[in-house]
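Me: I have a structure to go through. Can you walk me through it?

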Amino acid sequence: MSNRLKVTPNDLSAFWMPFTANRQFKQAPRMLVAAQDMHYTASDGRKILDGTAGLWCVNAGHCRPKITAAIQAQAAELDYAPAFQMGHPIVFELANRLVDVAPAGMEHVFFTNSGSESVDTALKMALAYHRARGDGARTRLIGRERGYHGVNFGGISVGGIVNNRKMFGTLLGGVDHLPHTHLPEKNSYTRGEPEHGAELANELERIVALHDASTIAAVIVEPVAGSTGVLIPPKGYLQKLREICTKHGILLIFDEVITGFGRLGTPFAADYFGVTPDIITTAKGVSNGVIPMGAVFCTSQIHDAFMTGPEHLIEFFHGYTYSGNPIACAAALGTLDTYKEEGLLTRGAELAGYWEDALHSLKGEPHVIDIRNIGLIGAIELQGIPGSPTKRAFQAFVKAFERGALIRTTGDIIALSPPLIITKGQINELIDHVREVLRQID
Ligand SMILES: Cc1ncc(COP(=O)(O)O)c(C=O)c1O
């Protein structure tokens with residue numbers, strides 16, 4: 001019997017699960033054993049409709065044949081090649097293909113293995129860029145309250161979710177934060193971008209006045225914040241942030257780990273908002289979540305600033321053993337082929353109106369205090385149980401799984417981000433599950 005088959009719910013103690021209430025989970029495990037297209041199969045054989053694209057990553061749906069075949073073929077041909085001082089053809093092919101779908105101006109790609117690594121790579125790239133140009137006093141990094149940029153030290157330092165920060169000491173020095181943009185009293189039940197709050201970008205001017213622009217390397221924001229419970233930028237906010245960064249020579253980094261690869265109905269959020277940052281971080285959808293991979297895009301201006309010293313010297317002292325791993329590259333190429341053949345990088349735009357109406361039909365259901373949406377992202381904010389934050393939404397998550405839908409909750413917010421292959425019928429099904437769950441929970 002293989003090890004896999006020997007694992008039973010009585011044998012769960014060794015695995016320390018990430019971002020999970022381990023003791024609670026192990027008393028009543030929720031196990032997934034297979035997946036196809038829009039559905040998981042649970043260990044009891046039930047089909048579970050995937051309302052979250054796994055963890056915002058399986059944009060093309062599950063077990064897609066092109067991706068599976070590409071991985072199988074690559075594993076049999078070239079399993080691994082050293083990432084440093086050696087190359088292999090498909091990593092160069094993939095970089096070119098990615099540049100082709102990226103926003104204009106994003107001309108170079110640095111590979112990582114996750115969103116967290118992409119973020120730390122981008123922050124290091126920004127710091128080293130200024131230093132390479134002889135502007136090495138620019139060492140400050142500016143994030144935003146409620147931001148999520150993964151779990152590595154750079155990411156939690158610029159991030160703004162208190163539970164992800166408070167246990168881990170002093171983090172990086174020289175970091176400041178913009179205020180978050182969540183204004184429920186003005187913007188609740190907004191469809192798409194909220195009307196109010198663009199002026200919050202001006203807080204960057206306050207931070208510049210405090211520290212002086214000559215000390216600030218970069219600002220990093222999620223164009224649409226996901227993990228904090230879906231915060232959509234107010235109209236004009238990102239444009240303002242871009243203007244202020246440009247005015248002061250500060251690099252603007254968009255963390256597109258969840259918005260990259262079609263989530264908003266455009267290839268990237270930068271396309272959706274018409275704002276071009278200097279660096280874009282991605283992961284998740286780049287390889288459809290199938291094999292870990294991340295990709296950091298940057299402009300030629302940034303890349304070329306490194307290409308100046310003696311040619312035999314390494315220009316950027318950074319990289320990972322698995323940067324551009326051949327099997328991950330094959331998965332990403334299979335993913336890009338699937339996106340292209342099925343028009344998935346823009347399919348969200350066709351469905352966004354239907355999705356919006358379906359989500360907002362939940363207004364008035366028990367516990368609901370706000371609904372917000374953009375592209376194929378939706379959030380339903382619940383009134384928390386006094387004294388027991390997160391409990392109500394977690395009940396909803398468990399009940400939804402029992403009914404046959406995978407939803408995601410953060411705080412007391414239900415966040416939905418289905419694979420981009422979802423049909424209108426499946427949108428109805430997903431929303432009906434949520435409606436029934438809201439009516440059943442305390
Ligand atoms: C915006 C953003 N950045 C970074 C990350 C971290 O990605 P990973 O979990 O692959 O390290 C996430 C994950 O959800 C994310 O949403």
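Reply: Domain bounds here come from an automatic or database domain assignment. This is a predicted model: local features need pLDDT of at least 70, side-chain atom pairs count only at pLDDT 80 or more, and totals for chains, interfaces and linings use all residues. Residues are numbered from 1 along each chain as its sequence is written.

Me: OK, into which domains is the protein divided?
Reply: Domain 1 covers 3–63 + 344–440, and domain 2 covers 67–342. Their centres, taken over C-alpha atoms, are separated by 26 Å.

Me: How many residues are in contact between them?
Reply: 33 residues of domain 1 are in contact with 31 residues of domain 2. Contact means that the C-beta atoms, placed from the backbone, lie within 7 Å.

Me: Which element gives the most on the domain 1 side?
Reply: H15, with nine residues. Helix H15 is 344–360, and the elements giving two or more residues to that side also include strand S11 (368–374) and strand S12 (377–382). Helices (H or I, at least four residues) and strands (E, at least two) are DSSP runs, numbered from the N terminus.

Me: And how do the residues of that side divide?
Reply: Into 17 nonpolar, ten polar and six charged. Ala, Val, Leu, Ile, Met, Phe, Trp, Tyr, Cys and Pro count as nonpolar, Asp, Glu, Lys and Arg as charged, and the others, Gly among them, as polar.

Me: Switching to the ligand. Which residues come nearest?
Reply: Ser114, Gly115, Ser116, Gly150 and Val257, of the 14 residues around the ligand. A residue counts as near if its C-beta atom, placed from the backbone, lies within 6 Å of the molecule. The shell divides into five nonpolar, seven polar and two charged residues.

Me: Which helix gives the most to that shell?
Reply: Helix H6 (residues 115–132), with three residues.

Me: Is H6 largely enclosed or open, and why?
Reply: Largely enclosed by the rest of the structure, because 14 of its 18 residues are buried. Buried means 20 or more other C-beta atoms within 10 Å of the residue's own, with C-beta atoms placed from the backbone.

Me: What follows H6?
Reply: Gly134 follows H6 and has a positive phi, near 80°.

Me: Last topic, the open sheet. What is the strand order?
Reply: S1-S2-S3-S13, four strands with mixed pairing. Strands S1 (32–36) and S13 (405–406) are the edges, each pairing on one side only. Two strands pair if DSSP finds at least two bridges between them.

Me: In which sense do S2 and S3 pair?
Reply: Antiparallel, over three bridges, between residues 39–42 and residues 47–50. Tyr40 has Ile48 in S3 as its bridge partner.

Note on methods. Two residues are in contact if their C-beta atoms, placed from the backbone, lie within 7 Å. A residue is buried if 20 or more other C-beta atoms lie within 10 Å of its own, exposed if 12 or fewer, and partly exposed in between; C-beta atoms are placed from the backbone.
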